[in-house]
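Look at the structure first, then read on.

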Amino acid sequence: MEELSVKNKLDTGKVLVIDDEQILRDGAERILTRMNFQVFKASRGEEGLKILEAEPAAIVLLDMKMPGIDGMEVLKRIVEMDRGILVIVITGYATVETAIEAMKRGAYDFIPKPYEPDQLRIVVNRAREKMQLTLEAEKLEMERKRTLADLHTSQSRVYTIIDSLPNGVLVTDTNGKVVLLNPAFRQHLGIEKDVLPGGDVDAYIQDKELCRLIIDISHGKYVDYDDIPTHELNLAGGRFLLARARPVLGKKRECLGTVINIMDISAMKALDQLRSEFVAKVSHELRSPLSTIHEQLAMVLNDMAEGASEDEQHLLSRAKEKTRGLISTIGDLLDLSRIEAGMASKESKPVQVEELLKSIIDFLGVQATAKKQTLALEIKNGPFPPVMADPMALESVYGNLITNAINYTPEGGEIKVIADMAGTHLRVIVKDNGYGIDAKYMDKIFEKFYRVKNEHTRFITGTGLGLPIVKGIVDSFGGYIDVESEIGKGTSFTVLLPMK
Ligand code: ADP
């Protein structure tokens, strides 16, 4: 690199003429100046070498026969400088031997004396072009080396950052082969240091479902990030990890592999559990006194039916209604706590879903009729094989969805419940032609206490816990829930449960 930079300092516009004959020096100067060179002149070898120390002349015209140190010696010293200077020797006797000897010792070319101006022009021009090309090539080489060096440092910087991340990172290629994993990933999943990248992803991750997701992403199955599910890993010792996977996309959005980020969420889980336990405890403590208040309010209202004023009766009715609402919220909270604690399907037994749906519809049909709605059940390709589940949990799923359909559909609306087999899953669709849900609330409605407030729903009472309960139960069965809706046209919830 250093040598390159010295050579780079040579100036292709500068020529040094070393000749003891003044006429020849001046003649050469005239010709070369016309060729746009800056010309330096020396009558002796020592003088010439001195000029070269100060001036970066790229070309030297060197007379071979001079008093003092002769041309051959000057040539030797210029070559020893190792600066890439092109020396054109001028051989006074036109002896081929001297010329050959000089060329052997590193001269670039030779001109026999006496020479024609044209001869000088041609040889010097060639030397200038050669020097320009050499310098250009060296410059390019230097740039290439610099780019490579930059690339190398930025690459190692990225590696250092990935290695220092607190989150685990694993990267695979399109075949699901691991190309990189950082120390945090090894630590989270207990992978030894001597296990190097290069193997199939399932040699590093034991969770089959996560491996399948990674392979699917690597094969380009997911183009939209939002469609990629997150994955929770429940490890021994109460440790929980959250895995997020994303495709690594190329310039044309083609999939080049998958990157997986692993985060330790054990502390968050522990907090969540504490919160659930607290809610369950408080709810439990409140339920009995509230139920008592509710019953007592009902009794007071009955007893004083005649004696009380209309205002008093109205106030008491409102209080009774509010306590009923609170009792139902508490019931939902307790249900949710049970689901979150993984107790949704504790008492599994074979359930004939078409029978269960019939009895729910019989029960809720009263509410639908009160709103002049039709509530119809359609069983396609039944009877179905029984589902192993807690019947109360299943009743809660379908009951909540049908109650919502009744609540969020105006008078005279239509509600349809359709059940069929979809491959290995039992599918139940609850479809209404009610108010519908705006697309922007689609994800939110499954959050606890979330209720869409608009001119239609404002006066409908509810807890905002129905759908979280439904989703919690469906998830615990390993099923899926999906919703499609259009404002003013209606909503359709689809529940898929695996037949075990
Ligand atoms: P709740 O019904 O007690 O408010 P849910 O969790 O069951 O709570 O539902 C959350 C919200 O989702 C409701 O407040 C309502 O705005 C909306 N929603 C649920 N089902 C329907 C439906 N079938 N049609 C329109 N909106 C619905």
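Glu-141 and Lys-145 join their side chains in a salt bridge, at 3.8 Å from N to O. This model is a predicted one. Both residues belong to helix α6 (residues 117–164). They sit four residues apart, about one turn of the helix. How accessible are the two partners? Glu-141 is partly exposed because its relative accessible area is 29%, between the limits of 20% and 50%. Lys-145 is also partly exposed, at 35% relative accessibility.

Another pair sits in helix α4 (residues 71–81). There, Glu-80 forms a salt bridge with Lys-76. The closest N and O atoms are 4.0 Å apart. Glu-80 and Lys-76 are four residues apart, so about one helical turn separates them. Glu-80 counts as exposed, at 56% relative accessibility. Lys-76 counts as partly exposed, at 41%.

Which parts of the chain does the pair of Lys-372 and Glu-411 tie together? The side chains of Lys-372 and Glu-411 meet in a salt bridge of 3.8 Å, N to O. Lys-372 lies in the loop between α11 (353–370) and β12 (374–379), and Glu-411 in the loop between α12 (391–407) and β14 (414–422), so the pair ties together parts that are 39 residues apart in sequence. Lys-372 is exposed, with a relative accessible area of 61%. Glu-411 is exposed as well, at 55%.

| Salt bridge | N to O distance |
|---|---|
| Glu-141 and Lys-145 | 3.8 Å |
| Glu-80 and Lys-76 | 4.0 Å |
| Lys-372 and Glu-411 | 3.8 Å |

In total, the structure holds 24 salt bridges. Some residues are linked in a network of salt bridges: Asp-19, Glu-21, Asp-63 and Lys-113. Why can such pairs form? Side chains of opposite charge can pair when their charged atoms come close.

Now turn to the surface. Asp-224, Asp-226, Asp-227, Asp-443 and Glu-447 form a negative patch there. One of them, Asp-443, lies in the loop between β15 (425–432) and α13 (466–476). Asp-443 is exposed, with a relative accessible area of 67%.

A nonpolar surface patch is made of Phe-278, Val-282 and Leu-286. Together they have about 280 Å² of accessible area. Val-282 is found in helix α9 (residues 266–303). Val-282 counts as partly exposed, at 34% relative accessibility.

Last, the domains. The assignment gives domain 1 (7–145), domain 2 (149–264), domain 3 (269–340) and domain 4 (349–498). The centres of domain 2 and domain 4, taken over C-alpha atoms, are 38 Å apart.

Notes
Residues numbered from 1 in each chain as written. Predicted model: local features only at pLDDT ≥ 70, side-chain atom pairs only at ≥ 80, totals over all residues. Heavy atoms only, no water. Patch = residues over 30% accessible without salt bridge, like charges linked within 9 Å, V, L, I, M, F, W, Y side chains within 5 Å. Areas by Shrake-Rupley, 256 points an atom, 1.4 Å probe, with all protein chains shown as cover. Lys, Arg positive; Asp, Glu negative; His and termini not counted. Charge placed at Lys NZ, Arg CZ, Asp CG, Glu CD. Helix = DSSP H or I, 4+ residues; strand = E, 2+ residues; numbered from the N terminus. Buried < 20%, exposed > 50% of the residue type's maximum accessible area, 1.4 Å probe, protein only. Domains from an automatic or database assignment.
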